[in-house]
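User: I am learning to read protein models, and I would like to go through a few features one by one. Could you give me the general idea each time and then the case at hand?

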Amino acid sequence: MEKVTRGQRNIEWIETYCYIPEGKFVGQPLKLTAKQKKWIRQIYDSPTRTFILSMARKNAKTAFSACLLLLHTVGPEARPNSQLYSAAQSRDQAAILFNLASKMVRMSPELSSVITIRDSAKEILCPDLGTKYKALSAEATTAYGLSPVFTVHDELGQVKGPRSELYEALETASAAQESPLSIIISTQSPTDADLLSLLIDDARQGNDPKVKCVLYTAPKTDDPFSVATIKKANPHFQDFMNTDEVKRQAAEAKRMPSRESSYRNLILNQRVEARAPFVSQSVWADNGKAPGQMTGTVTAGLDLSSRTDLTAFVVTRQNADSVDVWPFFWTPEKGLSERSKVDRVPYDLWADQGYLFTTPGATVDYAFVAQQIADICSQLEVDAIAYDRWRIDLLKAEFEKIGVQLPLSPFGQGYKDMGPAIDTLEADLLNGRLRHGNHPVLTMCAANAVATRDPAGSRKLDKSKASGRIDGMVALAMALGVRSDEPVRDIAAFINDPIIA
C-alpha cells in the first residue's frame, strides 16, 4: 500500500471537514483545486519555515489560508496548547480571514462540536487541545510576548517600505517554537523596496531551502490586456473569478490610462504603484522609438541634484511630427553600489553600459558636469536651457571657469510655470510624438513620476509624492516647456515660485 504523505493527509482532512464559506457554492463540501493541492504538498512534504504565495486578487487566497488555519487549530497539524495568529495591516483585513474560518466551523457539525468562536475578540479556540487562534492587525498594539507556532501574514503587500513592526514581532516570537510555520499570502507590493518584495526576491534566490515562494505574475513585456496575460497572474481565473468582469476591467484600463497602474498591480500582480503615475507604462512604451542623430536646433532642461543624487540634463529637438529626446545623467562614483541597493535600481550596471555618467569622488563634481554639458552643447545650436535654480550658482561658477556661455533660462518649479510644461509633455506622450529610445534611467524616472494638481487645475511633478527618482522627467518637462521665442524670465519673478526639493 502506498504511504500517505503528510501533504496528502492534510488535503484529505480539509476536503472532509471544510465547507465553502460563501459565494455561489456556499455550504457545499470544499474541494481543493489542483494548484491548491500542489501548494499544500510544497508546504508539508518537505521542511518549510516560510511559504510565500503571491497572486492577483480574487483567487481564493484568504479562503485557502482559512483552511490551513483550521488544519493547525484542530486538524492533524494541531499541537496541544499552541498559539496561532493571522496578521493584517487593518482591522477590516484581519477580520476577513477570521470570518471565513468562523463560517467554515459553523457549517461543519464535526468542527463546531469541538471549536469555540469568540466573535468580539476575533478568536477561535479548541478547548480539548488548548489551541488558540487570534486575528491581529497593525492598527492595534503590537503583539509582543507571544509564541506563535503558526502565523498567516495576510496581504503583507500592503506594507509600505522595508519594515513592519507587527511582522517582526511575530516572526521573532516564533523562535521559541521547534518548527514554526509562517504563511505569507498576498498580492505583490507596489515597489521593489517594500517588505514583501524584499522577502520574495530573497526567497527566489534560493538562499534558504526552508523558505519557499510561489509567484504568479504577468511579465511586464506581455500585452497587459490579453486574456493569456491575465491568466499568468491568476491561477484560478476560470475556477473562482468572474471572467467577464475581469475582461471589463482590462478594457477600462486600456481606455483610461489612470486605471492602468491599479489594474497591473491588482489584476496582473505586477509591482506597480497602485496610485496613478503621471504616465502609464504602455503610453511610455509607445514613445520608445530611438531618437535621430543629435544635431540641429535644440532646447534642454537641467535638474541639478543634491551632492549624492542624480543630476539630469535632457536635450530635445522639435521635428515636424516628432520630438527627439537625448537624456544625460550624472551621479557620484563613490558609493554607487550602495545607492543601487538602497534605491533598488541598477545604477552600477547603467554606468557600465554608458547610460549614467559617474563623477569622481563621493559627491557630484559640478566641474565635471559643467565640462560635459559644454561638450554636448558645442555640437548643437542651443536655443535655451531651462533650469531649476537649486544649486545653479555652483554650476554657473564652473561654466565661468572654463569660459563657456550658455543660454540659461530660469524655470519655476511651481504650478504656474510647470503646468504648461506638463500639459505639453502629456500631449506629446499621448500622441506618440516623443522618441526617447527607452533610455533606462529616464524610463525609471517616468515610472516614478506623480503629478499633483492645485485648485486651479494646474499640475507639476512632485518629488515628495514620487516613489523614486524623477529628475529626468523634471528636466524633460522643462526642456519642452521652455520656448526660444520667450525672453529669459526675470530672476526676481522666478524666485517667487516654490522649489521642488
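User: How much space lies in the largest cavity?

Analyst: A cavity is a set of points on a 1 Å grid over the protein atoms alone where a 1.4 Å probe fits but cannot get out, and lining residues have an atom within 4 Å of a point. A volume is the space filled by probe spheres set on the points, which are joined across faces, edges and corners. In this predicted model, where local features need pLDDT of at least 70 and side-chain atom pairs count only at pLDDT 80 or more, totals for linings use all residues. Residues are numbered from 1 along each chain, and side-chain values use heavy atoms, without hydrogens and water. The largest cavity holds about 50 Å³, and its lining includes His 153, Asp 154 and Tyr 167.

User: How do the axes of α16 and α18 cross?

Analyst: Two packed helices are described by the angle between their axes and the distance between the axes. Axes are lines fitted to C-alpha atoms, for helices over the stretch in contact, with angles from 0 to 180 degrees between N-to-C directions; helices are DSSP runs (H or I, at least four residues), numbered from the N terminus. Here the axes of α16 (residues 415–430) and α18 (residues 471–481) come within 8 Å and cross at roughly 95 degrees, and the two helices are therefore roughly perpendicular (65 to 115 degrees).

Definitions and conventions
1 Å grid on protein atoms, 1.4 Å probe; cavity = no way out; pocket = protein on both sides within 12 Å on 5 of 7 lines; lining within 4 Å. Parallel < 35°, antiparallel > 145°, perpendicular 65-115°, else oblique.
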